[in-house]
Amino acid sequence: MLSKFKIDTKVSNAINDGKAVVALESTLISHGLPYPANIKVANDSIKAVEESGSVAATIGIIKGEIKIGLNDEDLEILATSKNVEKVSLHNIALSIYEKKNAATTVATSINIASKIGINFFATGGIGGVHLGAEKNSDVSADLTELSNNKMFVISSGAKSILDLEKTFEKLETLGIPRIAYNSDFMPGFWYEETNFKVDKNFKNITDIAKYLKIIENFHHKSSVLIFNKVPKEKAIDKNLIQNWIELSIDRAKELDIAGKDLTPFLISEINSLSQNKSLDANTALIVNNALLAGKIAKNFSLV
Ligand code: PSU
Ligand code: MN
């Protein structure tokens, strides 16, 4: 399916030399954040990965070509164009066929990254089981791809607009380890902690790297989720955000918004209801996750 790859030379050299590489996704740029916050986050995430001594590889589709390691011009296109497709596994090949500009989700980004030998990936929050999924079966393909690809994924949990309990359980069913950096619980994306206890709370990066080395050599086909909570100073109170989530879900129902448009709609509604408090939390946690991913990847390459 993935017929054409264009890998940036810095990225391909790093992969060939066994250096630390962290893949980044582009849906959060095109559909998760407004302009110009999105382009700033894209660049700050790259900087954060590089500061830690790893190489960043943002993944996206430009005029039907899958690119790994997007340049400034590519990022600008994905951050500003109105008609960027959001691609998961069901529609990625169509965007190639139609030579479109498209943003890759967690699902497609890890699918692509794992095919070219990248083993670390950072994002904001993964997709999961939506509230009301017992009726419409809206479950993100992120979960399927996390179970099908061995990738070390750094995130702030699943987005709080989801059914976090069902998402957490589903991860276990799929055999995906859920570990955290300095927390006993899965984070709640915009808020620091849910009630769901992780498999292990790792207090330092070296220990995470050692654990991931075991996974690397283990007969284990799924990803590992490494949770990193939103920076304290940007975290939002759980009850406060819960209210905005309910209001935005009601609004989505009124407007009949569903499928792949639902997540971007809810995020943007919550940004306006919170007067951009949620946007600030979102941007901070994404860059913070890129930094942690860079540090773990660097450490892992030295173990
Ligand atoms: N993290 C963010 N903002 C986002 C996303 C992640 O901080 O917008 C994106 C990811 O690309 C993820 C997608 O794969 O949201 C989930 O979309 P859906 O629920 O339609 O599968
Ligand atoms: Mn969906």
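**Exercise 1. Describe the surroundings of Ser-140 and the contact that its side chain makes with the backbone of Asp-142.**

Solution. A polar atom of the Ser-140 side chain lies 3.0 Å from the backbone nitrogen of Asp-142, which meets the definition of a polar contact (a pair of N or O atoms within 3.5 Å, where within protein one must be able to donate a hydrogen and the other to accept it, and residues adjacent in sequence count only if both atoms are side-chain atoms). With a relative accessible area of 16%, Ser-140 is buried (buried means under 20%, exposed over 50% and partly exposed in between, with a 1.4 Å probe and protein chains only). Leaving aside residues up to four places away in sequence, Ser-140 touches Gly-127 and Gly-128, a contact being heavy atoms within 4.5 Å.

The model is predicted, so local features need pLDDT of at least 70 and side-chain atom pairs count only at pLDDT 80 or more, while totals for chains, interfaces and linings use all residues. Residues are numbered from 1 along each chain as its sequence is written, chains are lettered from A and ligands numbered from 1 in the order in which they are written, and side-chain values use heavy atoms, with hydrogens and water left out.

**Exercise 2. Work out which residues of helix 10 are buried, and what covers them.**

Solution. Begin with the dimensions: helix 10 (residues 205–216) has 12 residues and reaches 16 Å from its first C-alpha to its last, close to the 16 Å expected at 1.5 Å a residue, the expected span being 1.5 Å times one less than the number of residues. The buried residues of helix 10 are Ile-205, Ile-208, Ala-209, Leu-212 and Ile-215. They cover an arc of only 110° around the axis, which puts them on the same side of helix 10; the arc is that of the directions from the helix axis to the C-beta atoms. An α-helix has 3.6 residues a turn, so residues three or four places apart point the same way. Among the elements that cover these buried residues are strand 7 (120–122), strand 10 (200–202) and helix 13 (277–302). Finally, at the start of helix 10, a side-chain oxygen of Asn-204 reaches to within 3.3 Å of the backbone nitrogen of Thr-206.

**Exercise 3. Classify the ring pairs formed by Phe-120 with Phe-300 and by Phe-202 with Tyr-211.**

Solution. Rings of Phe, Tyr and Trp (its six-membered ring) pair if their centres lie within 6.5 Å, and planes under 30 degrees apart count as stacked, over 60 as edge-to-face and the rest as tilted. By this rule the count comes to six aromatic pairs. The rings of Phe-120 and Phe-300 have centres 5.3 Å apart and planes at 75°, so this pair is edge-to-face. It links distant parts of the chain, with Phe-120 in strand 7 and Phe-300 in helix 13, 180 residues apart. Both Phe-120 and Phe-300 are buried, and together with Phe-152 they form one aromatic cluster. For Phe-202 and Tyr-211 the centres are 5.4 Å apart and the planes stand at 40°, so the pair is tilted. Phe-202 counts as buried, at 10% relative accessibility.

**Exercise 4. Find the rings over which the charged ends of Lys-200 and Arg-178 sit.**

Solution. The criterion is that NZ of Lys or CZ of Arg is within 6 Å of the ring centre and within 35 degrees of the ring normal. The charged end of Lys-200 sits over the ring of Phe-202, 5.8 Å from its centre, whereas that of Arg-178 sits over the ring of Phe-168, 4.1 Å from its centre. Lys-200 is in strand 10 and is partly exposed, with a relative accessible area of 44%. Not counting residues up to four places away in sequence, Lys-200 touches Arg-178, Ile-179 and Ala-180.

**Exercise 5. Identify the polar contacts of the Asn-271 side chain.**

Solution. Asn-271 is in helix 12 (residues 262–273) and is buried, with a relative accessible area of 6%. A polar contact of 2.6 Å joins its side chain to that of Ser-278, and a polar atom of the Asn-271 side chain lies 3.2 Å from the backbone nitrogen of Leu-279.

Key. Helix = DSSP H or I, 4+ residues; strand = E, 2+ residues; numbered from the N terminus.
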